[in-house]
Every structure is written in C-alpha cells, then in structure tokens.
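Please read the following points alongside the sequence and the model; they concern charged side chains and their surroundings.

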Amino acid sequence: MNNKTKEKTKKWYKGYIDAMFKAIFCNAKNRKLLKWFIEWCLNKKVEIIEVYPPEIIKPNIYVKNKTLDVLLIVDGEMVNLEINSGYYNGLHIRNAGYIFSKYAEVVKVGEVYKKMTNFIQINFTKDLPKDYPLVGEYYIIDEKTEIKYVDNFKIIEYNIDKIFDECYKKGKKEYNFVAILNASKEELDKLCVDDEFLVEYKKEVMRMNENIKFTTWISEEEDAEKVTNTLIHNAKEDGESIGLKKGEKIGEKNKAIEIAQSLI
C-alpha cells in the first residue's frame, strides 16, 4: 500500500467528536481560538473568559458517565458548551437534567437571587430530526403571554447537519464556525478561507489527526463505546425475544438493559 492509498484510508476525526473538541478548545495554548469561537456562538465581543477543566460527573451508579465539555465564565456569564455527537429519543431530557443541575449550583453560590448570573447552555447536536431549526433558542416561557419564568436562563442549540448543508453545499458563511465541526479534511479547504479563526482551527484539527497517540486513544474509546452499544442492543433483542404481553415485554427488556449496563 503506497502513501497516497494510506492517506485515503486513514480515518479522519471531525471536530464534533467529544475528545477532538476538547483537545482543541480546552488547550491552554488555544485561548484565542476559544475566544473567537465563543464570540461567534454568542454573536458579540467578549473580554474575559475563565475556563473550568473538563471533568467526569457521575452522581450515582445508575447514571451513565457524563462528560463536561467546556464550562466557562464569559464576562460574568456562565456558559457551558456541550457536544452531542448523535441524537436519540430522550437526549434532550437527559441533557436538561444535567443543565438544570448546573443552574442549581449557580443559584446556591449566588448571594441574591435577582442578581444571579446569566446561564447559557450552548449545544452542538448531530442527527437532529428534520423539523428542528438551524439554530434553536429555548427559554422557560409562557406560550400565551411569552413572559419568561426566569430571565437569566437560555439554551442555544446548533443543528450541525443543517448548518453544514447551508454552509458547505449552499455557500452561506454565517455559521461556518459550526459547519467546520462536521467537515472532512477536503471540505475544510472550502470552508476555512478568508477568516483567521477558521484557518487556525483547520491547523489544529489537522495537527490532532496527525498525532498518532491521540488518534489511537480515540480509536480505543470508540471500541469501548461499540462494546457498550452491542451489549445494550443484545439485551434489547433478548427482551423482545421473550413471548410475553406488551407491557411485560417492555419490563423484561428494560431489566435486560439494566443488567447489560451494570456489566459494563
């Protein structure tokens, strides 16, 4: 196999992969890159960014490990960036539980409720259903009066796939900073032009993809995830193979999934 063939078959890890996202934006050397990214996300200039290191949060044995992507204090506002590399029914409920727990932590440390800092959750999500918008902005709000229940809480969700189609296929540049997260090496050549941030991002993602230790580590993480998915898939099939009534079957299937997850 010649070098050109090897380059074609070598897997390319995109920016929306959790480990790649953190490797780029949590690197202390890339603070300027992170600042540009946040300014694009919030559509405003920012001055001071304090970065909390990524951490694993696991409140009890029944909750799947939860990785905190990037938690920031941006000019006094709490901003959390979250990568969702795939959508499934229940993802938003799971995310909401985590988001509200972080919001509750901010409430606890605040001295006066009405002076509490703003909390902004920014999600980048793959494989959203077709009816979801390009960029969704969500509040706790009354449908009829549009009065916000609280005015310091907001969720922004960037639809990675729709944005990529708009930017790469249709040539719109407004959300190129999100489209690049879903770009292959060749697609980056088209997207990362005429902007210092985009060019710098391209350099970083290429550098990380050329780092053998890093790509090997990601491969091992993927293998572990596939094993997990296989065990859960098999548990579901085992539950479905039991010839019980519908309600009983669901109970047996859930029990089988719990067993698989405990084994993992």
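1. K22 is buried, at a relative accessible area of 15%, where buried means under 20% relative accessible area, exposed over 50% and partly exposed in between, with a 1.4 Å probe and protein chains only. This is a predicted model, in which local features need pLDDT of at least 70 and side-chain atom pairs count only at pLDDT 80 or more, whereas totals for chains, interfaces and linings use all residues. Residues are numbered from 1 along each chain as its sequence is written, and side-chain values use heavy atoms, leaving out hydrogens and water.

2. K22 forms a salt bridge with D18, at 2.1 Å from N to O; the term denotes a side-chain nitrogen of Lys or Arg within 4 Å of a carboxyl oxygen of Asp or Glu. The two residues lie four apart in helix α2 (residues 18–25), so about one helical turn separates them, and D18 is partly exposed at 25% relative accessibility. Helices (H or I, at least four residues) and strands (E, at least two) are DSSP runs, numbered from the N terminus.

3. The side chains of K44 and E77 also meet in a salt bridge, at 3.2 Å from N to O. This pair links distant parts of the chain, 33 residues apart, with K44 in the loop between α3 (31–42) and β1 (49–52) and E77 in strand β5 (residues 77–84). K44 is partly exposed at 38% relative accessibility, whereas E77 is buried at 13%.

4. Salt bridges with shared partners join K35, E39 and K45 into one network. Within it, the closest N and O atoms of E39 and K45 are 3.9 Å apart.
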